[in-house]
Amino acid sequence: MLFSPYTIRDVTLKNRIVMSPMCMYACDREDGTVHNWHLIHYATRAVGQVGLIIVEATAVTPQGRISARDLGIWSDDHISGLRTLTTLVHEQGAKIGIQLAHAGRKATVSGEIIAPSPIPFDDNMRTPKEMTKTEIEETIHAFQQGARRAKEADFDVIEIHAAHGYLINEFLSPLTNKRTDEYGGEDRYRFLGEVIEAIKEVWDGPLFVRISAHDYHPDGLTVNDYIDYAQRMKAQGVDLIDVSSGAVVPAKIDAYPGYQVPFAETIRRETNVPTGAVGLITSGLQAEEILRNGRADLVFIGRELLRNPYWPKTAANELGIQLEAPKPYVRGW
Ligand SMILES: Cc1cc2nc3c(=O)[nH]c(=O)nc-3n(C[C@H](O)[C@H](O)[C@H](O)COP(=O)(O)O)c2cc1C
């Protein structure tokens, strides 16, 4: 199944291998623009036969960057570099998505940082300012503008970053959202819901949402809470939920091969929403097991693709599949 195509809306991926979004912190000019590093890095994985490449967390506002060296999509000036990137990847037969992100209280850029509630992540991080309604509206608009620019840059997929303790995750979790207005309490989903609606006004392609399905804290969310959130995403037309976990508050996580797969499996089974599995998936057999047992629809590979850009070839060998070579590489394949 790993090498079978997968169609979402009008986009067909040639296989089920997804490059997980990974920040490169490579914008040396600190202006959010695509640099040569990004072009080389992503195009290489396309040559390596990854079906879908999801570009790293890309900030919808300068203030929403994790670091000053993040990629950005807050200005029309970002579009041309991103379009060069999508063209390179498309030329190599892969599809390309972009993860739209706002770091919230985990932003380390200079100036004011914002979050649903004025609580720092830990003693080393700054205290964010509680967002006003106007700031909430502006940020939703920034996600919408990011989606519009992603479309102009010819991306195939948009993934909303609602995981890892960044802004949207901070709205979803009761540990970080202590608001008493219509964005808090029972309505913690509202912010994500409005981001999705705003994006849908300008984007009708495949829409993924990455979540942290477990807060690893006694008062935090678990996958059971995310079943409800996933149902709401499904009702809004989200095509796939990319299931990660943690990082909304400091916590010790016992990570082992496939440790997040049961979350993807639970959400898929309970809601019938397609899911992506991610986290310490490193072999073709492991990926095939996840797909064949109906635990997820796509397999996201992170660090293994940093070590080996030709991981799809490695996985194909392991599964006894003849993977077509990029023409210039036939003699060595
Ligand atoms: C260098 C690096 C940067 C990352 N940046 C992002 C990111 O931009 N967005 C995101 O959702 N996850 C990010 N992650 C998490 C990965 O996408 C992935 O979920 C995680 O590494 C677990 O998968 P793996 O065991 O296959 O690496 C990053 C991970 C690494 C190692």
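The ligand is surrounded by 15 residues, and the closest of them are Ser20, Pro21, Gln99, Leu280 and Arg303. The model is a predicted one, and the distances and areas below are computed from it. The briefing first takes up the ligand and its surroundings, and then turns to the cysteines.

**Surroundings of the ligand**

- The space that the ligand takes up is the largest pocket.
- The shell of residues around the ligand is made up of seven nonpolar, six polar and two charged residues.

- Gln99, one of the closest residues, has an N or O atom in its side chain that lies 2.8 Å from a nitrogen atom of the ligand.
- Pro21, also listed among the closest residues, takes part through its backbone, where a polar atom is 2.7 Å from an oxygen atom of the ligand.
- Leu280 likewise contributes a backbone N or O atom, which is placed 2.6 Å from an oxygen atom of the ligand.
- On its own the ligand has 610 Å² of accessible area, and the protein covers 81% of this.

- The structure contains zero disulfides.
- Cys23 takes part in no disulfide, and the cysteine sulfur nearest to it, which belongs to Cys27, is 9.7 Å away; a disulfide would require the two sulfur atoms to be within 2.5 Å.

Notes:
Residues numbered from 1 in each chain as written. Predicted model: local features only at pLDDT ≥ 70, side-chain atom pairs only at ≥ 80, totals over all residues. Heavy atoms only, no water. Near = heavy atom within 4 Å. Polar contact = N/O pair within 3.5 Å; in protein donor to acceptor, adjacent residues only side chain to side chain. Areas by Shrake-Rupley, 256 points an atom, 1.4 Å probe, with all protein chains shown as cover. 1 Å grid on protein atoms, 1.4 Å probe; cavity = no way out; pocket = protein on both sides within 12 Å on 5 of 7 lines; lining within 4 Å. Sits in = over half its atoms within 2 Å of the grid points. Nonpolar A, V, L, I, M, F, W, Y, C, P; charged D, E, K, R; others polar.
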